[in-house]
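Please look over the model below before reading on. My notes follow as numbered points.

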Amino acid sequence: MRAIARYGLFPLVMFGGVALAHRAMTTVDPPLVVGAASLLAALIVGVAERIMPFDPDWNRPRRDRLTDLLHTVVSFVALSEILRAAFLAGLAALLGAADVPWTLWPVGWPWPLQLALALIIAELPYYWLHRWMHTTPALWRLHAVHHSAPRMYWLNAGRFHPLDAGLVFFTQLPVLMLLGTPAPILSLFLVVGAIHGMFQHANLDLRLGPLNHVFAMAELHRWHHARTGPGARANYGGNLICWDLIFGTRYHPGHDIPPDGIGFEGDEDYPTDYLGQLAAPFRRRP
Ligand SMILES: [Zn+2]
């Protein structure tokens with residue numbers, strides 16, 4: 001049973017969730033579907049972490065849950081809505097209409113192919129932004145908030161400084177909107193991102209097998225959070241690992257916890273409270 005869950009839980013929730021969301025969007029408002037899919041995925045991952053944790057010690061809270069909840073609400077609920085509305089208003093002011101008057105998008109393709117195309121396209125600017133965040137000191141200060149997580153669990157998928165989340169926003173939805181991606185595909189893109197983000201950070205004993213060459217999931221992303229070693233400069237993919245494969249930054253040495261743990265060198269005195277983490281990128285550090 002456990003082996004089935006180990007290999008089957010993520011594909012079941014991801015592919016089943018996306019298929020259900022696509023069906024639901026014919027009768028339910030897409031933002032509601034995205035919200036419901038996100039909450040359902042959080043519930044499934046949160047419960048599964050109790051039953052089949054990757055590291056039982058990571059289920060122990062470290063004064064991080066309230067901080068991570070506030071990050072999630074501010075950076076991924078409020079901010080993304082504000083930025084999306086502002087971007088659409090800016091576009092409308094520029095073009096005189098709320099929709100882009102052109103479409104470069106293959107609207108005749110079956111929806112799963114359109115969704116796959118959206119994921120691959122949006123992944124490229126995200127990949128480079130994420131990579132620069134790790135190699136550019138000013139950007140790293142923002143992104144260090146995410147890597148200050150003392151453990152991997154579902155809610156630190158939302159631990160992002162608002163400025164970090166704001167930059168990430170502009171690598172994804174606006175790019176797709178400017179290409180004329182239909183609204184239902186954009187909503188499904190958000191559903192994939194919500195489900196994948198939670199599983200990617202989950203404390204779950206999962207194996208993806210060949211899907212580790214498709215998704216940038218927890219087996220790979222744990223290494224991205226490694227405190228030291230080659231993993232800390234690898235696996236930059238958000239949803240997909242395709243651009244890491246192409247640019248030679250995919251790293252998957254095995255299923256262990258990174259030998260020096262997760263985090264980054266010098267994170268011992270990093271603030272654990274929300275306001276402290278908001279200010280941390282602008283504070284002088286030794
Ligand atoms: Zn990172």
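**Notes on the model**

1. Start with L83. Leaving aside residues up to four places away in sequence, L83 touches G166 and F169. L83 is found in helix α3. Is L83 exposed, partly exposed or buried? There are 17 other C-beta atoms within 10 Å of L83, so it is partly exposed. Between L83 and E265 lie 182 residues along the chain, and their C-alpha atoms are separated by 33 Å.

2. A word on confidence. This is a predicted model. The protein chain has a mean pLDDT of 91. Of its residues, 97% reach 70 or more. Helix α3 (residues 65-95) has the lowest confidence, with a mean of 85. Confidence is highest in helix α9 (residues 242-247), at 98. Keep in mind that L83 is found in α3.

3. Next, the pairing of α4 and α5. Helix α4 covers residues 111-135 and helix α5 covers residues 137-147. They pack at an angle of about 100 degrees, and their axes are 6 Å apart. The two helices are therefore roughly perpendicular to each other. On the α4 side, W132, M133 and H134 make the contact. They meet L139, W140, L142 and H143 in α5. Of the residues in this contact, five are nonpolar, two are polar and none is charged.

4. Last, helix α7 (residues 183-201). This helix has 19 residues. From first C-alpha to last, α7 reaches 27 Å, close to the 27 Å expected at 1.5 Å a residue. How many of the 19 residues of α7 are buried? The count is 14, so α7 is largely enclosed by the rest of the structure.

Notes:
Residues numbered from 1 in each chain as written. Predicted model: local features only at pLDDT ≥ 70, side-chain atom pairs only at ≥ 80, totals over all residues. Axes fitted to C-alpha atoms, helices over the stretch in contact; angles between N-to-C directions. Helix = DSSP H or I, 4+ residues; strand = E, 2+ residues; numbered from the N terminus. Parallel < 35°, antiparallel > 145°, perpendicular 65-115°, else oblique. Contact = placed C-beta atoms within 7 Å. Nonpolar A, V, L, I, M, F, W, Y, C, P; charged D, E, K, R; others polar. pLDDT = per-residue confidence, 0-100. Expected span 1.5 Å × (residues − 1). Buried ≥ 20, exposed ≤ 12 C-beta atoms within 10 Å, placed from the backbone.
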